[in-house]
Amino acid sequence: MKAALLKSYGDVDQFEIGDIPTPKPGPGEILIKIEASAVNPFDLILRQGFMAKFIPLPLPAVLGGDAAGTISALGDGVTGFAVGDRVVADFAANGKGAHAEYGVLPATSVAKLPAGLSFEEGASLVKAGLTGRQAVEALDVKAGDRVLVSGGLGTVGRSAIQYLKQIGAQPVAGVRPERLSEGQALAGEALDITLPTASPDFAYGISAAGPVAANLIGHISDGGTVASIVPVPEGANAGDRVTIHELFHRTEAATLDAVLDAAVRGLLVIPISHTFTLEEIGAAQNAVAAGAQGKVVLKH
């Protein structure tokens, strides 16, 4: 099968399109013919080798964590799915990812793609949708609670804001000053997150933008709670005055079902800013590195 192979850690020139054996599903696994996959910022970190100590990839490696396609084969013991089903898939960062014609993964990492969503839309929703929801759920907020979301116009921030609205909470988008009107249109309220504050007045926050993580924490009142998907800067929470839950994306099929249901009902929209072919993976990663305002998707 055709795959985008990372030959060595480094720049995008380390990618090549090559042929590797089509995998076969083992017990409890599903083989998917992949129609679209998304490029995430984490893929760039993996490519450059910054995580090699913790996540050593078998080179040449296939990157890509988010995919959509159709089921090609089922491993022994898999129930609830059939060959031909349209699905989305949440691939692990193990060098056997989604930027290929086919991919194998556990059935517990797969969810059916509603007919109202395209493969490109499905691929754009997986990790952004899961992580946004998981951040909100970590805060245990209720209807009426105000929640400040930094990186509010990023894909995870958008997911979190739209889920907060869905449950009746009051999101506030923390954005750059030139995007205040966009943030207000999305969340209903927005503030310039690039400025620190001397008067914190939020009980809850979601930190989804690394460069302003300290500012987000500064907006949270003493005793408040932050769910952070980015590293917490040294000294940003002096005296542990707020509770910080550091989150890592978790594969959860039931939550993914809920994400897809929200999307097909129009309650969750993640914009797709760029679409490339699989052969253009280098350009796709460069678009992410340049700060694409939306999801970057590969059509296979």
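**Pocket, cavity and helix packing**

Tutor: Start with the second largest pocket, whose volume is about 170 Å³ (space filled by probe spheres set on grid points joined across faces, edges and corners). A pocket is an open set of points on a 1 Å grid over the protein atoms alone, with protein on both sides within 12 Å along at least five of seven lines; a cavity is a set where a 1.4 Å probe fits but cannot get out; lining residues have an atom within 4 Å of a point. The model is predicted: local features need pLDDT of at least 70, side-chain atom pairs count only at pLDDT 80 or more, and totals for chains, interfaces and linings use all residues. Residues are numbered from 1 along each chain as its sequence is written, and side-chain values use heavy atoms, without hydrogens or water.

The lining of this pocket draws on several parts of the sequence. Met 1, Ile 20, Pro 21, Pro 23 and Val 62 belong to it. So do Gly 95, Lys 96, Gly 97, Ala 100, Tyr 102, Gly 103 and Val 104. By class, eight are nonpolar, three polar and one charged (Ala, Val, Leu, Ile, Met, Phe, Trp, Tyr, Cys and Pro count as nonpolar; Asp, Glu, Lys and Arg as charged; the others, Gly among them, as polar).

One cavity reaches 30 Å³ or more. The largest cavity holds about 40 Å³. Its lining consists of Gly 129, Arg 133, Ser 159, Tyr 163, Gln 166, Val 259, Ala 262 and Leu 268. Four of these are nonpolar, three polar and one charged. Helices α2, α3 and α6 (253-264) each supply at least two lining residues (helices are DSSP runs of H or I, at least four residues, and strands runs of E, at least two, numbered from the N terminus). Helix α3 gives the most, with three.

Next, how these helices pack. The axes of α2 (residues 119-139) and α3 (residues 155-166) come within 8 Å and cross at roughly 55 degrees (lines fitted to C-alpha atoms over the stretch in contact; angles run from 0 to 180 degrees between N-to-C directions). The pair is therefore oblique (under 35 degrees is roughly parallel, over 145 roughly antiparallel, 65 to 115 roughly perpendicular, the rest oblique). From α2, Ala 128, Gly 129, Thr 131, Gly 132, Arg 133, Val 136 and Glu 137 make the contact (heavy atoms within 4.5 Å). From α3 come Thr 155, Val 156, Ser 159, Ala 160, Tyr 163, Leu 164 and Gln 166. That contact has six nonpolar, six polar and two charged residues.

Helix α6 meets α2 at about 105 degrees, with the axes 9 Å apart. These two are therefore roughly perpendicular. Leu 125, Val 126, Gly 129, Leu 130 and Arg 133 of α2 face Thr 255, Leu 256, Ala 258, Val 259, Leu 260, Ala 262 and Ala 263 of α6 in this contact. Here the classes are nine nonpolar, two polar and one charged.

Asp 140 is not a glycine, yet its phi is positive, about 55 degrees.

Last, a backbone detail elsewhere. Leu 59 and Pro 60 are joined by a cis peptide bond, with omega about -5 degrees. Pro 60 sits in the loop between α1 (41-48) and β4 (66-74).
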